[in-house]
Amino acid sequence: MAEVLLPLYALMAFMLIAAIIAVETRDLLSSVLCLGAVGFGLALVDLLLKAPDLALTQVVVEIIAVVLLIRAVVAREDTTEESLSDTPHVAFVGMVVGAIVIAAFVCFQQLVPFAKPLMTMGEAYLRSGELTGAKNQVTAVLLDFRAYDTLGEATVIFAAIIGCYALLRTRGRIGNRR
Amino acid sequence: MRGMTLIVKTTASLLIGFVVLFGAYIILTGHLSPGGGFAGGVILAAGLLLIVLAFGADPLRKGLGHNFALVWESLGAVGFLAVALLGFIAGTFFAHFIPHLTGFGLLTGGSIVLSNIAIGIKVGAGLFGAFLMLAAFRASESADKTEKGDGNDT
Amino acid sequence: MGMIHEFFPYVLCVLLFAVGLYAIAVKKNLIKIIIGVMLIHNATSLFLVLVGYRMPETGESAAPIITRALSGEEFFRQSVDPVPQALVLTAIVIGLSVVALMVVMAVRLHEKYGTFDLTRIRKLRG
């Protein structure tokens with residue numbers, strides 16, 4: 001147990017520190033790079049928690065997200081001024097964080113304990129490996145048992161990409177007659 | 001948007017084949033090893049993005065433009081729906097219409113392989129299209145700037 | 001191993017969520033808000049992966065992939081839960097496309113108003 005918990009805590013502390021730096025630093029470029037650190041830490045945690053599919057996807061997704069954000073940030077001047085009166089007081093932040101931690105402690109004692117999931121449906125999916133022919137049970141759940149879900153998610157991706165096209169079109173826009 | 005230097009262009013043109021090969025491998029063996037349509041599609045999108053970043057706007061005129069992305073994304077979506085509808089051969093929506101085999105071969109997945117291919121094409125082309133819109137938008141903007149003569153960033 | 005390890009990873013996960021929520025609520029910069037949304041997305045996927053993790057009584061936990069070395073009853077006993085992983089796998093890619101949509105919106109706003117500052121964008125109507 002300890003051989004999983006120690007790296008897990010270390011990686012999650014790394015992610016938390018990187019997230020705080022990403023939110024609080026002034027320079028937008030370093031902020032974006034710290035966000036990339038959070039994503040790669042998440043990929044390592046996925047690898048640690050026996051989710052290789054997620055680790056593979058997370059690494060590439062994080063690369064593309066960081067490239068997108070860098071392209072948006074670089075060469076655009078940032079005139080945002082963060083004044084001190086906008087940021088909340090340290091005591092207030094401490095109180096809120098304390099309240100969140102206490103509430104999480106109380107709530108998560110009702111949840112299933114870590115490393116002992118219920119697996120009511122997962123057990124059945126694992127045992128039906130011969131039904132689908134897929135050896136990777138994640139793919140079996142994704143594309144066979146819960147394929148309707150995947151169809152819906154494909155629709156969401158399609159809608160988001162079409163939204164990008166609609167926002168960035170150059171033809172047919174008022175005041176742009178080229 | 002101009003491309004990068006000759007070193008970057010040469011390295012990118014050497015690497016792009018391997019990236020696409022790896023994406024295709026991840027998609028095709030998604031039912032046996034970690035991976036699948038979503039992961040492989042994102043890798044394909046990253047490979048195409050490498051071309052656009054290295055070569056600038058040149059590939060856009062050689063058939064790798066918005067129409068390419070839109071057509072392949074739509075083809076992937078229609079392909080996934082077609083795999084789902086072909087399930088009616090075996091009975092219901094999303095049913096296995098190809099009998100699967102036991103063992104660890106490439107063809108043991110039945111219709112899961114076809115679904116993976118369709119989703120991989122769809123995700124790769126879609127994300128590539130979104131990035132292409134952003135890159136082409138930057139291109140038009142910097143072209144305006146150079147016309148005015150007050151910007152020389154690349 | 002104490003009781004605290006049974007839910008302390010969840011608490012850290014909620015703290016990561018809270019950092020993202022703070023960025024969305026307090027920051028005025030559009031890019032910082034996008035970063036907050038991505039942090040919340042990362043925290044949620046991490047939480048689902050944590051919920052699905054299993055440590056068997058004896059032996060090591062295994063990825064939910066049948067191999068020649070690991071199959072049968074031993075695999076059913078050691079494998080982690082595949083359902084949350086399958087849900088998160090699609091959610092990651094959806095998160096990327098939603099982030100692309102948000103970046104595109106921010107770029108268009110910057111083109112129109114010349115700034116990422118939300119309070120200034122609100123003042124300059126039109």
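In this predicted model, helix α3 of chain A packs against helix α2 (residues 37–55) of chain B at an angle of about 35°, and their axes lie 9 Å apart. Helices here are DSSP runs (H or I) of at least four residues, numbered from the N terminus; axes are lines fitted to C-alpha atoms, for helices over the stretch in contact, and angles run from 0 to 180 degrees between N-to-C directions. The crossing of α3(A) and α2(B) is left-handed, a term applied if the near helix is turned anticlockwise from the far one by less than a right angle. On the side of α3(A), the contact (heavy atoms within 4.5 Å) is formed by A:Leu56, A:Thr57, A:Val60, A:Val61, A:Ile64, A:Val67 and A:Arg71. The partners from α2(B) are B:Ala39, B:Val42, B:Ile43, B:Ala45, B:Ala46, B:Leu49 and B:Leu53. Of the residues in this contact, 12 are nonpolar, one is polar and one is charged; Ala, Val, Leu, Ile, Met, Phe, Trp, Tyr, Cys and Pro count as nonpolar, Asp, Glu, Lys and Arg as charged, and the others, Gly among them, as polar.

B:Ala45, in helix α2 of chain B, is buried, with a relative accessible area of 1%. Buried denotes under 20% relative accessible area, exposed over 50%, and partly exposed the range in between (1.4 Å probe, protein chains only). Beyond residues up to four places away in sequence, B:Ala45 touches A:Ile64 of the partner chain as well as B:Gly124, B:Leu127 and B:Phe128. B:Ala45 and B:Ala130 are 85 residues apart in sequence and 10 Å apart in space, C-alpha to C-alpha. B:Val19, by contrast, belongs to helix α1 of chain B and is partly exposed at 25%. With residues up to four places away set aside, B:Val19 touches B:Ile43 and B:Gly47.

A polar atom of the A:Thr139 side chain lies 2.9 Å from the backbone oxygen of B:Gly30. Apart from neighbours within four places in sequence, A:Thr139 is in contact with A:Asp144 and, in chain B, with B:Gly30, B:His31, B:Gly35, B:Ile112 and B:Asn116.

Most residues other than glycine have a negative phi. In chain A, however, A:Lys50 has a positive phi of about 60°, and A:Met119 likewise has a positive phi, near 60°. A:Lys50 lies in the loop between α2 (28–48) and α3 (52–73) and is partly exposed, at 28%. A:Met119 is placed in the loop between α4 (90–108) and α5 (120–127) and is buried, at 6%.

Confidence is expressed as pLDDT, the predictor's confidence in each residue, from 0 to 100. Chain C has a mean of 87, with 97% of its residues at 70 or more; its lowest confidence is in helix α5 (residues 118–123), at a mean of 82, and its highest in helix α2 (residues 30–52), at 93. For chain B the mean is 81, and 85% of its residues reach 70 or more. Within chain B, helix α3 (residues 58–61) is lowest, at a mean of 67, and helix α1 (residues 6–28) highest, at 92. Over residues 145–154 of chain B the pLDDT is below 50, and this stretch has seven contacts in the model beyond near neighbours in sequence.

Residues are numbered from 1 along each chain as its sequence is written, while chains are lettered from A and ligands numbered from 1 in the order in which they are written. Local features need pLDDT of at least 70, side-chain atom pairs count only at pLDDT 80 or more, and totals for chains, interfaces and linings use all residues, with side-chain values based on heavy atoms and with hydrogens and water left out.

Notes: A polar contact is a pair of N or O atoms within 3.5 Å; within protein, one must be able to donate a hydrogen and the other to accept it, and residues adjacent in sequence count only if both atoms are side-chain atoms. Helices (H or I, at least four residues) and strands (E, at least two) are DSSP runs, numbered from the N terminus.
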